[in-house]
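User: I would like to go through this structure feature by feature. Please give the general idea where there is one, then the case at hand.

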Amino acid sequence: MNSNHAIEVSAAITDALETLRGRRIALIAPAGGVRDERIDAVLRVLGHAGVEAIPGRHIRDHHRYLAGTAAARLADLHAAFARPDIDAVWCLRGGYGSAHLMDGIDWEAIPDHVPLIGHSDITALASAFAARGKQAIHGPVAVDLLRAWGADEAESFAASVASLAPALRGRFSTMTLVHHSGPQQTTCACLWGGNLTVLASIADLRLAPPGDGPITLLLEDVGEAAFRLERCFHQIVRAPWFARVNAVVLGDFYRCALPDGMPSFLSVVQDHVDTDRVSLFDQAPIGHGRFNQAWSLGAPVRISDKPSHDPRSSTLSPVHETD
């Protein structure tokens, strides 16, 4: 039975999608499998918002828990980026499996100006893209539109959806952070990161922003135990590129089993980095929850202290050529 009609999307989210009206966006499923009714619902919601969504040929495939074989998923990725008139390639969901595609990608066939959009497991693909100078946006996956958001959550998530439009133009909004240790202001650096667990799983691939300049590392995760998060952070600290990190910025660790909440993981980070050199911040509006502001991997950014009644308040801002 098709349950498409049972999936309702709040008006706030559909209004936010209007900011993408007129865009041509390819949909692919490079990782976990997606049920037909959810694919149909995404296509319906995007269509009503005036977005021309172009589904990949294999997005309804299933192979174990994956959206088809690696060959089928790779074919859809190449076909999406081969379209001459596409504005972006949006991943339907994360899950597991996007790293399977990295070795087979024909990088010369990937245009420099068309971004890949996604988060969670898509961190693997996004890192591979950005390390080669291709565009990758960390932001909501398409099926996030269908989640059963509460009223207040829907308003917040709508802002996350609305952040995709400026990201497609190469811009993103300033993020307000809370400073915990290390210098409160940083020099210009490349923004990098995504899902901590996925980054740890590809740490041996040495994927990092081109060059040898500083990196501001933005991290999030979902559903992990505290010791697993520490294991993963310990692993990426030992990646060769981590020596370039000037700041660690934590987003939402959604439904992670942290005994004392975020202070538990802040303590972990402080144990593993040189706190005189590496700054530590949290409360970045990214993650698996309602706050998932879009940002571009490799974008130049700077962290500054923010005039506020809270002396720990800071801002992470994009650095433009005119700055």
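User: Does Ser120 count as buried or exposed, and at what relative accessibility?

Analyst: The model is a predicted one, so every value here is computed from predicted coordinates. Ser120 counts as buried because its relative accessibility is 14%, and the cut-off for buried is under 20%. Ser120 sits in the loop between strand S4 (116-118) and helix H4 (123-131). Its phi is positive, about 60°, although the residue is not a glycine.

User: Which loop holds Arg64, and is Arg64 buried or exposed?

Analyst: Arg64 is in the loop between strand S2 (52-55) and helix H3 (70-82). Arg64 counts as exposed because its relative accessibility is 58%, and exposed starts over 50%. Arg64 also has a positive phi, about 55°, without being a glycine.

User: How is the chain divided into domains, and how far apart are the C-alpha centres of domain 1 and domain 2?

Analyst: The protein chain is split into domain 1 (11-168) and domain 2 (175-318). Their C-alpha centres lie 24 Å apart. In contact are 27 residues of domain 1 and 25 residues of domain 2.

User: What area is buried between domain 1 and domain 2?

Analyst: The general idea first: interface size is often given as the accessible area lost when the parts come together. Here, domain 1 and domain 2 bury about 2,000 Å² between them, and carbon and sulfur atoms give 60% of that area. Thr123, Ser127 and His138 supply 27% of the area that domain 1 buries against domain 2, more than any other three residues.

User: How many residue pairs are in polar contact across the interface of domain 1 and domain 2, and which elements give two or more residues to the domain 1 side?

Analyst: Nine residue pairs are in polar contact across this interface, while the count of salt bridges between domain 1 and domain 2 is zero. On the domain 1 side, the elements that give two or more residues are H4, strand S5 (136-138), helix H5 (151-162) and helix H6 (164-168). H4 gives the largest share, seven residues.

User: How many salt bridges does a search of the whole structure find?

Analyst: In general, side chains of opposite charge can pair when their charged atoms come close. The search of the whole structure finds nine salt bridges. One of the pairs is Asp112 with Lys134, whose closest N and O atoms are 2.8 Å apart. Asp112 lies in the loop between strand S3 (88-91) and S4, and Lys134 in the loop between H4 and S5, so the pair ties together parts that are 22 residues apart in sequence. Lys134 is buried, with a relative accessible area of 12%.

User: Which residues touch the most other members of the largest nonpolar core?

Analyst: This core has 115 residues, and those touching the most other members are Trp90, Leu92, Phe129, Leu219, Phe233, Val248 and Phe265. The core draws at least three residues from each of domain 1 and domain 2. Leaving out residues up to four places away in sequence, Phe265 touches Leu196, Leu229, Glu230, Phe233, Leu250, Phe253 and Leu258.

Key: Residues are numbered from 1 along each chain as its sequence is written. This is a predicted model: local features need pLDDT of at least 70, side-chain atom pairs count only at pLDDT 80 or more; totals for chains, interfaces and linings use all residues. Side-chain values use heavy atoms; hydrogens and water are left out. A nonpolar core is a set of buried Ala, Val, Leu, Ile, Met, Phe, Trp, Tyr and Cys residues joined through side-chain atoms within 4.5 Å. Buried means under 20% relative accessible area, exposed over 50%, partly exposed in between (1.4 Å probe, protein chains only). Domain bounds come from an automatic or database domain assignment. Contact means heavy atoms within 4.5 Å. Helices (H or I, at least four residues) and strands (E, at least two) are DSSP runs, numbered from the N terminus. Buried area is the accessible area (1.4 Å probe) that two parts lose on being put together, summed over both. A salt bridge is a side-chain nitrogen of Lys or Arg within 4 Å of a carboxyl oxygen of Asp or Glu. A polar contact is a pair of N or O atoms within 3.5 Å; within protein, one must be able to donate a hydrogen and the other to accept it, and residues adjacent in sequence count only if both atoms are side-chain atoms.
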